[in-house]
Amino acid sequence: MRSKSILLMCALLFIIDLSGQQFKPEKRIYMLDATSSMNKLKVNNEFLWDVVKKSLETAIRQVGDTSTVLVVAPFWQSINEVWISNATNEGKASLIEKINSYKVGGKSTNICDALEKGYQLLDKNYVNYLFLMTDGVHNTSNTKSVKEVISNWSKVDPGIEVYGFYVMLHNAAEDDVINKSVKSNKNMWVVNSADINVNLFK
(Lines give C-alpha, C1' and ligand atoms only; values in the text may rest on other atoms or scores of the structure.)
Protein backbone atom coordinates (compact mmCIF):
# COMPACT_ATOMS: atom_id res chain seq x y z
CA MET A 1 0.00 0.00 0.00
CA ARG A 2 1.28 3.43 -0.88
CA SER A 3 0.96 6.15 1.71
CA LYS A 4 0.92 8.75 -1.05
CA SER A 5 -2.44 7.63 -2.48
CA ILE A 6 -4.19 10.63 -0.99
CA LEU A 7 -1.72 12.93 -2.75
CA LEU A 8 -2.41 11.05 -5.96
CA MET A 9 -6.13 11.63 -5.70
CA CYS A 10 -5.71 15.32 -4.90
CA ALA A 11 -3.32 15.72 -7.82
CA LEU A 12 -5.65 13.98 -10.25
CA LEU A 13 -8.68 15.93 -9.23
CA PHE A 14 -7.17 19.40 -9.14
CA ILE A 15 -4.20 19.73 -11.45
CA ILE A 16 -6.02 20.03 -14.75
CA ASP A 17 -5.49 23.64 -15.75
CA LEU A 18 -8.71 24.88 -17.25
CA SER A 19 -7.89 28.58 -17.18
CA GLY A 20 -7.40 28.80 -20.92
CA GLN A 21 -10.14 29.55 -23.39
CA GLN A 22 -12.67 26.74 -23.74
CA PHE A 23 -15.01 26.45 -26.70
CA LYS A 24 -16.91 23.53 -25.20
CA PRO A 25 -18.09 22.84 -21.65
CA GLU A 26 -16.52 20.02 -19.67
CA LYS A 27 -17.76 16.56 -18.86
CA ARG A 28 -15.91 14.80 -16.05
CA ILE A 29 -16.56 11.08 -15.83
CA TYR A 30 -15.39 9.08 -12.80
CA MET A 31 -15.68 5.30 -13.09
CA LEU A 32 -15.18 4.41 -9.45
CA ASP A 33 -14.14 1.00 -8.11
CA ALA A 34 -16.49 0.32 -5.19
CA THR A 35 -15.45 -3.21 -4.32
CA SER A 36 -15.15 -4.22 -0.67
CA SER A 37 -11.35 -3.97 -0.76
CA MET A 38 -11.70 -0.19 -0.98
CA ASN A 39 -12.97 -0.29 2.58
CA LYS A 40 -10.17 -2.56 3.81
CA LEU A 41 -7.04 -0.88 2.48
CA LYS A 42 -5.78 2.10 4.46
CA VAL A 43 -3.87 5.25 3.63
CA ASN A 44 -2.28 6.97 6.61
CA ASN A 45 -4.65 5.08 8.94
CA GLU A 46 -7.69 6.07 6.89
CA PHE A 47 -9.67 3.69 4.72
CA LEU A 48 -9.00 4.21 1.01
CA TRP A 49 -12.72 4.51 0.31
CA ASP A 50 -12.99 7.44 2.71
CA VAL A 51 -9.96 9.10 1.12
CA VAL A 52 -11.47 8.77 -2.35
CA LYS A 53 -14.88 10.06 -1.24
CA LYS A 54 -13.35 13.14 0.37
CA SER A 55 -11.24 13.86 -2.71
CA LEU A 56 -14.23 13.56 -5.03
CA GLU A 57 -16.34 15.75 -2.79
CA THR A 58 -13.69 18.47 -2.71
CA ALA A 59 -13.20 18.28 -6.48
CA ILE A 60 -16.93 18.57 -7.12
CA ARG A 61 -17.29 21.55 -4.81
CA GLN A 62 -14.42 23.31 -6.60
CA VAL A 63 -16.11 23.19 -10.02
CA GLY A 64 -17.24 26.73 -10.73
CA ASP A 65 -18.64 26.45 -14.25
CA THR A 66 -22.30 25.44 -14.03
CA SER A 67 -22.18 24.15 -17.62
CA THR A 68 -19.85 21.34 -16.50
CA VAL A 69 -21.43 17.90 -16.37
CA LEU A 70 -20.29 15.59 -13.57
CA VAL A 71 -20.67 11.82 -13.80
CA VAL A 72 -19.84 9.27 -11.10
CA ALA A 73 -20.40 5.57 -11.73
CA PRO A 74 -19.51 3.12 -8.93
CA PHE A 75 -18.86 -0.43 -10.09
CA TRP A 76 -17.75 -3.87 -9.00
CA GLN A 77 -18.98 -6.96 -10.96
CA SER A 78 -21.12 -4.58 -13.01
CA ILE A 79 -21.98 -0.90 -13.22
CA ASN A 80 -24.14 -0.34 -10.16
CA GLU A 81 -25.23 3.26 -10.63
CA VAL A 82 -24.62 6.17 -12.99
CA TRP A 83 -25.10 9.55 -11.33
CA ILE A 84 -25.16 12.59 -13.59
CA SER A 85 -25.44 16.16 -12.35
CA ASN A 86 -24.84 19.61 -13.71
CA ALA A 87 -22.35 21.58 -11.64
CA THR A 88 -24.96 23.86 -10.11
CA ASN A 89 -25.04 24.17 -6.33
CA GLU A 90 -28.05 21.87 -6.20
CA GLY A 91 -26.55 19.38 -8.62
CA LYS A 92 -23.24 19.20 -6.80
CA ALA A 93 -24.95 18.79 -3.42
CA SER A 94 -27.08 15.94 -4.76
CA LEU A 95 -24.07 14.14 -6.24
CA ILE A 96 -22.00 14.55 -3.07
CA GLU A 97 -24.83 13.12 -0.99
CA LYS A 98 -24.99 10.04 -3.20
CA ILE A 99 -21.23 9.50 -3.00
CA ASN A 100 -21.09 9.88 0.77
CA SER A 101 -24.03 7.54 1.40
CA TYR A 102 -22.85 4.83 -0.99
CA LYS A 103 -21.77 1.51 0.53
CA VAL A 104 -18.99 -0.54 -1.02
CA GLY A 105 -19.54 -4.22 -1.72
CA GLY A 106 -18.73 -7.06 -4.03
CA LYS A 107 -15.48 -8.96 -4.35
CA SER A 108 -14.97 -8.87 -8.12
CA THR A 109 -13.67 -5.96 -10.18
CA ASN A 110 -15.03 -5.66 -13.72
CA ILE A 111 -12.75 -3.12 -15.33
CA CYS A 112 -13.78 -4.11 -18.86
CA ASP A 113 -17.41 -3.14 -18.34
CA ALA A 114 -16.41 0.02 -16.45
CA LEU A 115 -14.19 1.23 -19.30
CA GLU A 116 -16.76 0.40 -21.96
CA LYS A 117 -19.42 2.27 -20.03
CA GLY A 118 -17.05 5.20 -19.73
CA TYR A 119 -16.62 5.22 -23.51
CA GLN A 120 -20.40 5.24 -23.94
CA LEU A 121 -20.69 8.29 -21.69
CA LEU A 122 -18.36 10.41 -23.86
CA ASP A 123 -20.06 13.29 -25.67
CA LYS A 124 -18.76 15.23 -28.67
CA ASN A 125 -20.44 18.37 -27.36
CA TYR A 126 -18.05 18.45 -24.39
CA VAL A 127 -14.37 18.29 -23.54
CA ASN A 128 -14.35 14.92 -21.81
CA TYR A 129 -12.13 13.77 -18.94
CA LEU A 130 -12.50 10.06 -18.21
CA PHE A 131 -11.07 8.61 -15.00
CA LEU A 132 -10.98 4.85 -14.34
CA MET A 133 -10.15 4.57 -10.65
CA THR A 134 -9.31 1.19 -9.11
CA ASP A 135 -7.32 -0.38 -6.30
CA GLY A 136 -6.95 -3.73 -8.07
CA VAL A 137 -7.01 -5.61 -11.36
CA HIS A 138 -9.80 -7.02 -13.49
CA ASN A 139 -10.90 -10.40 -12.10
CA THR A 140 -14.25 -11.23 -13.70
CA SER A 141 -15.06 -13.28 -16.78
CA ASN A 142 -15.50 -11.29 -19.98
CA THR A 143 -15.43 -12.12 -23.66
CA LYS A 144 -12.88 -9.32 -24.04
CA SER A 145 -9.63 -8.72 -22.19
CA VAL A 146 -8.78 -5.44 -20.47
CA LYS A 147 -6.01 -4.96 -23.02
CA GLU A 148 -8.53 -5.24 -25.85
CA VAL A 149 -10.95 -2.80 -24.22
CA ILE A 150 -8.15 -0.30 -23.61
CA SER A 151 -7.11 -0.62 -27.26
CA ASN A 152 -10.64 0.41 -28.26
CA TRP A 153 -9.70 3.89 -27.02
CA SER A 154 -8.20 4.44 -30.46
CA LYS A 155 -11.61 3.70 -32.01
CA VAL A 156 -13.41 6.46 -30.12
CA ASP A 157 -15.09 8.90 -32.50
CA PRO A 158 -12.32 11.32 -33.59
CA GLY A 159 -14.84 14.14 -33.25
CA ILE A 160 -14.85 13.60 -29.47
CA GLU A 161 -12.24 15.49 -27.47
CA VAL A 162 -11.28 13.24 -24.60
CA TYR A 163 -8.46 12.70 -22.12
CA GLY A 164 -8.28 9.42 -20.23
CA PHE A 165 -6.62 8.46 -16.96
CA TYR A 166 -6.17 4.95 -15.63
CA VAL A 167 -5.79 5.65 -11.92
CA MET A 168 -4.04 2.94 -9.91
CA LEU A 169 -5.04 3.74 -6.34
CA HIS A 170 -2.93 0.94 -4.86
CA ASN A 171 0.07 -1.13 -5.90
CA ALA A 172 -2.28 -4.13 -6.25
CA ALA A 173 -3.62 -2.41 -9.38
CA GLU A 174 -0.24 -2.31 -11.11
CA ASP A 175 0.04 -4.47 -14.21
CA ASP A 176 2.70 -4.32 -16.93
CA VAL A 177 0.28 -5.27 -19.72
CA ILE A 178 -2.16 -2.52 -18.72
CA ASN A 179 0.66 0.00 -18.42
CA LYS A 180 1.87 -0.75 -21.94
CA SER A 181 -1.64 -0.80 -23.38
CA VAL A 182 -2.62 2.54 -21.88
CA LYS A 183 0.62 4.25 -22.77
CA SER A 184 0.28 3.14 -26.40
CA ASN A 185 -2.83 5.33 -26.73
CA LYS A 186 -2.92 9.03 -27.49
CA ASN A 187 -4.27 11.24 -24.68
CA MET A 188 -4.47 8.35 -22.23
CA TRP A 189 -2.21 7.93 -19.22
CA VAL A 190 -1.50 5.58 -16.34
CA VAL A 191 -1.16 7.43 -13.05
CA ASN A 192 0.56 5.61 -10.21
CA SER A 193 2.36 8.42 -8.45
CA ALA A 194 1.76 11.86 -6.99
CA ASP A 195 4.66 13.11 -9.14
CA ILE A 196 2.57 14.25 -12.13
CA ASN A 197 3.53 16.48 -15.05
CA VAL A 198 0.58 18.87 -15.35
CA ASN A 199 1.51 19.68 -18.95
CA LEU A 200 0.42 16.20 -19.99
CA PHE A 201 -3.15 17.06 -19.11
CA LYS A 202 -3.52 20.13 -21.28
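The following dialogue explains how to read several features of this predicted model.

Me: What kind of model is this, and how are residues numbered?

Reply: Residues are numbered from 1 along each chain as its sequence is written, and in this predicted model local features need pLDDT of at least 70 and side-chain atom pairs count only at pLDDT 80 or more, while totals for chains, interfaces and linings use all residues. Side-chain values use heavy atoms, with hydrogens and water left out.

Me: Which strands pair with E6, and in what sense?

Reply: Helices (H or I, at least four residues) and strands (E, at least two) are DSSP runs numbered from the N terminus, and two strands pair if DSSP finds at least two bridges between them. Here, E1 and E6 run parallel and are joined by seven bridges; Met 31 has Leu 132 as its bridge partner in E6. E6 also pairs with E7 in the parallel sense, over eight bridges, and Phe 131 stands opposite Phe 165 in E7.

Me: Is E6 mostly covered or uncovered?

Reply: A residue is buried under 20% relative accessible area, exposed over 50% and partly exposed in between (1.4 Å probe, protein chains only). Eight of the eight residues of E6 are buried. Val 127, Tyr 129, Phe 131 and Met 133 point one way, whereas Asn 128, Leu 130, Leu 132 and Thr 134 point the other.

Me: How many aromatic pairs does the structure hold, and how is their geometry read?

Reply: Rings of Phe, Tyr and Trp (its six-membered ring) pair if their centres lie within 6.5 Å; planes under 30 degrees apart count as stacked, over 60 as edge-to-face and the rest as tilted. The structure holds eight such pairs. Tyr 30 and Phe 131 are stacked, because their ring centres are 4.9 Å apart and their planes lie at 15°. This pair links strand E1 (residues 26–33) with strand E6 (residues 127–134), across 101 residues, and both of its members, Tyr 30 and Phe 131, are buried. By contrast, Trp 83 and Tyr 102 are edge-to-face, at 5.5 Å centre to centre and 75° between the planes. Trp 83 lies in strand E5 and Tyr 102 in the loop between helices H3 and H4, so the pair ties together parts 19 residues apart in sequence.

Me: Which residues form an aromatic cluster?

Reply: Tyr 30, Phe 131, Phe 165 and Trp 189 form one cluster.

Me: Which residues of helix H6 are buried, and what covers them?

Reply: In H6 (residues 176–183), the buried residues are Ile 178, Asn 179, Ser 181 and Val 182. Their cover, judged by contact (heavy atoms within 4.5 Å), includes helix H5, strand E7 and strand E8.
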